[in-house]
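Here is a short briefing for a first look at this structure. Start with the display, then read the points below.

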Amino acid sequence: MGRPNRATRAAITQRRADAIDLKLAGVDWLTIGRKLAADPAINSDRVAYPQGYGIDKYKRGLEPPSDKRLIELACKDVTKALRERSTALDANTDELRLVMAERLERLFFPVYRSAIRSGDLQAVDRAVRIIERSSRLLGLDRPSRTEVSGPDGAAVQVEAAGLEELERLIGLAGGSGEDAEG
């Protein structure tokens, strides 16, 4: 299968945005899958969703995707869309970080000059605060060391747990291992 054309890519992007909106609204995975299905026979709105789940099967007159497959496709769409948004956000964040660093640098020079020339303690304090903020923004500060301790300051006990133990703990927490998969 070749690369989708612009209209198809736009429809897929819209489907993914709709999937995220539905998930943020608290809709379960199967309902999302049915809402965004291509085949009107399983689509909850009884319409063919453009570039919906199972579009290839629908076009060929084949059986629509199973409920399990609809859940998988909805999960995959939300994951991909969030990853794409995160990547775009990371790029924008780096750009914004550079702009903020430039702003701090412009603020720093007059404050620094005032602190050096007149010895104004308020200007010294401001200069130090700008330096601290710049250092945090640019990641120049060393990470602070954190130690975790158990009860009464004792060492934390770490144990390896098997699958059965993890499933038991999930059950105690009120979930089931099957929920985590879908």
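Buried means under 20% relative accessible area, exposed means over 50%, and partly exposed lies in between (1.4 Å probe, protein chains only). This is a predicted model: local features need pLDDT of at least 70, side-chain atom pairs count only at pLDDT 80 or more, and totals for chains, interfaces and linings use all residues. Residues are numbered from 1 along each chain as its sequence is written, and side-chain values use heavy atoms, with hydrogens and water left out.

**Salt bridges**
- The whole structure holds 8 salt bridges (a side-chain nitrogen of Lys or Arg within 4 Å of a carboxyl oxygen of Asp or Glu).
- Arg15, Arg16, Asp77 and Glu84 are linked in a network of salt bridges.
- Arg15 pairs with Asp77 in a salt bridge, with the closest N and O atoms 2.6 Å apart.
- Asp77 also forms a salt bridge with Arg16, at 3.1 Å between the closest N and O atoms.
- Asp77 lies in helix 4 and Arg16 in helix 1, so this pair ties together parts 61 residues apart in sequence.

**Burial in the network**
- Arg16 counts as buried, because its relative accessibility is 15%.
- Arg15 is buried at 10%, and Asp77 is buried at 3%.

**Around Gln51**
- Gln51 is buried, at 17% relative accessibility.
- Leaving aside neighbours within four places in sequence, Gln51 is in contact with Thr8, Ala11, Ile12, Arg15 and Lys59 (contact means heavy atoms within 4.5 Å).

How values were computed:
Helices (H or I, at least four residues) and strands (E, at least two) are DSSP runs, numbered from the N terminus.
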